[in-house]
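Let's take a walk through this model together. Have the sequence and the coordinates open side by side, and follow along residue by residue.

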Amino acid sequence: MEQSIEETSLPAKKKSFFRFIPTGVPCLVIVIALFWYLGSIMGLPNMLNTIMRTAHDLLLNTVFYLMGICVVTGAIGKLFVEFGVVKLLENILRPLMKPLFHLPGVAALGAAMTFLSDNPAIISLAQDKRFTSYFKKFQFISLTNFGTAFGMGLLVIVFMVGQGYYIEPVVGLFGAFCGCIVSTRLMQRFIIKAYPNYAVEEAIVNEADAIKEAEEKVESKSVFIRVLNSLLDGGKMGVEVGIAIIPGVLIISTLVMLLTFGASEEGYTGAAYEGIELLPYLASKINILFEVLFGFSDPHLVAFPITALGAVGAALGLVPNFAAQGWIDGNAIAVFTAIGMCWSGYLSTHTAMLDSLGYRELTPKAITAHTIGGLVAAIVAHFVYILVTMLM
């Protein structure tokens with residue numbers, strides 16, 4: 001009896017011990033340790049100057065370039081929606097949905113919308129009860145993985161074409177398509193295993209809600225006004241996306257570059273894009289894995305998929321500097337396109353997307369499935385690129 005009392009009292013003692021540690025202490029320790037480590041190698045003044053100059057150069061030469069692409073692609077995307085191009089794409093892709101993704105044909109509209117904009121576009125569609133009424137619950141939840149795999153696809157492809165590559169982004173798009181199949185199917189399997197009843201339950205129980213939709217007044221407008229409104233509204237949306245990627249590019253890319261690049265020829269001078277080469281060092285220990293699976297010719301390239309986990313815009317910000325260093329080849333562009341499009345910052349969006357759908361508890365399963373899907377996308381892109389180069 002005494003032993004049991006002592007055993008039950010142990011967790012209480014442990015809990016009371018950690019209660020005395022202020023909440024902010026672990027965060028403060030990690031931040032101080034990180035900056036101490038960087039400063040001990042680069043020197044504190046050089047480290048601070050490098051951080052500020054790298055962020056400033058990224059803002060001027062990368063963010064505004066990406067924002068320009070966002071504005072143009074946003075305008076084109078809105079124009080496609082207004083004049084039925086998206087509907088045409090939906091009709092073309094509809095026959096592929098059931099056999100490949102185990103989704104209703106209307107899901108093709110979600111793929112087209114996220115490809116032209118960003119991951120959350122699938123959520124705006126999911127709020128439409130007419131759209132949702134086509135889905136079983138397990139299919140409806142898997143839309144998070146399905147839509148994310150095509151998020152910002154047009155932006156990624158246009159960016160890679162702007163770097164002077166044409167075949168490689170198409171190979172990457174095919175890789176992302178394959179990764180999407182794996183991610184979506186795997187997520188559906190996880191859902192049914194955890195909640196078998198979701199395999200037969202409708203996403204909307206009361207179908208009357210699906211039918212009851214507010215009728216929108218369609219005003220008669222000339223073609224010129226429709227074109228003008230589409231271009232301006234789409235461009236405005238592009239500006240919002242461009243502003244939204246600023247924190248990711250400046251914060252995540254700056255940190256990744258500090259951990260990726262090395263000192264300049266003169267040593268540490270506080271110039272932009274200097275760093276401690278920690279990520280390439282770690283990647284070199286398992287470089288054979290990245291070389292076989294992804295075809296990476298340089299360990300520095302591993303920084304792209306790591307950054308794409310949080311923000312694909314930030315990952316794209318790495319490409320010009322990689323090209324300047326001579327690390328980029330056609331295979332890397334194909335793999336970057338595939339993994340960048342398929343992952344497209346899913347770690348920063350999956351939680352919010354599933355929360356808005358009302359299935360927050362399934363977030364770990366969605367992240368696991370999409371991690372595997374992104375790796376498959378990169379591997380497929382690598383080997384398809386090898387096949388294409390052999391045939392050309």
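In which helix is Leu-28 found? Leu-28 sits in helix 2, which covers residues 25-42; helices here are DSSP runs of H or I with at least four residues, numbered from the N terminus. Before going on, a word on the ground rules: this is a predicted model, so local features need pLDDT of at least 70 and side-chain atom pairs count only at pLDDT 80 or more, while totals for chains, interfaces and linings use all residues. Residues are numbered from 1 along each chain as its sequence is written, and side-chain values use heavy atoms, with hydrogens and water left out.

Let's stay with helix 2 for a while. Its 18 residues reach 25 Å from the first C-alpha to the last, close to the 26 Å expected at 1.5 Å a residue (the expected span is 1.5 Å times one less than the number of residues). Leu-38, Gly-39 and Met-42 are buried in this helix. They cover an arc of only 100 degrees around the axis, which puts them on the same side of helix 2; the arc is that of the directions from the helix axis to the C-beta atoms. Buried means under 20% relative accessible area, exposed means over 50%, and partly exposed lies in between, with a 1.4 Å probe and protein chains only.

Now turn to the face of helix 2 that points away from its buried side. There you will find the exposed residues Ile-30, Ile-32 and Trp-36. Leu-28 is exposed too, because its relative accessible area is 53%. On the surface, Leu-28, Ile-32, Trp-36, Tyr-37 and Ile-41 form a nonpolar patch with about 540 Å² of accessible area together. Such a patch joins nonpolar side chains (Val, Leu, Ile, Met, Phe, Trp, Tyr) within 5 Å, using residues with over 30% relative accessible area and no salt bridge; like charges are joined within 9 Å. The areas come from the Shrake-Rupley method with a 1.4 Å probe, and for residues only the protein chains shown count as cover. Helix 2 is followed by Gly-43, whose phi is positive, near 90 degrees.

Next, the charged pairs. How many salt bridges does the structure hold? There are two, a salt bridge being a side-chain nitrogen of Lys or Arg within 4 Å of a carboxyl oxygen of Asp or Glu. Lys-136 pairs with Glu-202, with 2.8 Å between the closest N and O atoms. This pair links distant parts of the chain, 66 residues apart: Lys-136 is in the loop between helix 7 (129-132) and helix 8 (137-141), and Glu-202 is in the loop between helix 11 (167-194) and helix 12 (207-211). Glu-201 and Lys-137 also meet through their side chains, at 3.0 Å from N to O. Glu-201 lies in the loop between helix 11 and helix 12 and Lys-137 in helix 8, so the pair ties together parts that are 64 residues apart in sequence. Lys-137 counts as buried because its relative accessibility is 14%, whereas Glu-201, at 27%, counts as partly exposed.

Finally, look at two backbone details. His-102, in the loop between helix 4 and helix 5 (107-116), has a positive phi of about 55 degrees although it is not a glycine. Glu-277 likewise has a positive phi of about 55 degrees without being a glycine, and is found in the loop between helix 14 (246-260) and helix 15 (278-285).
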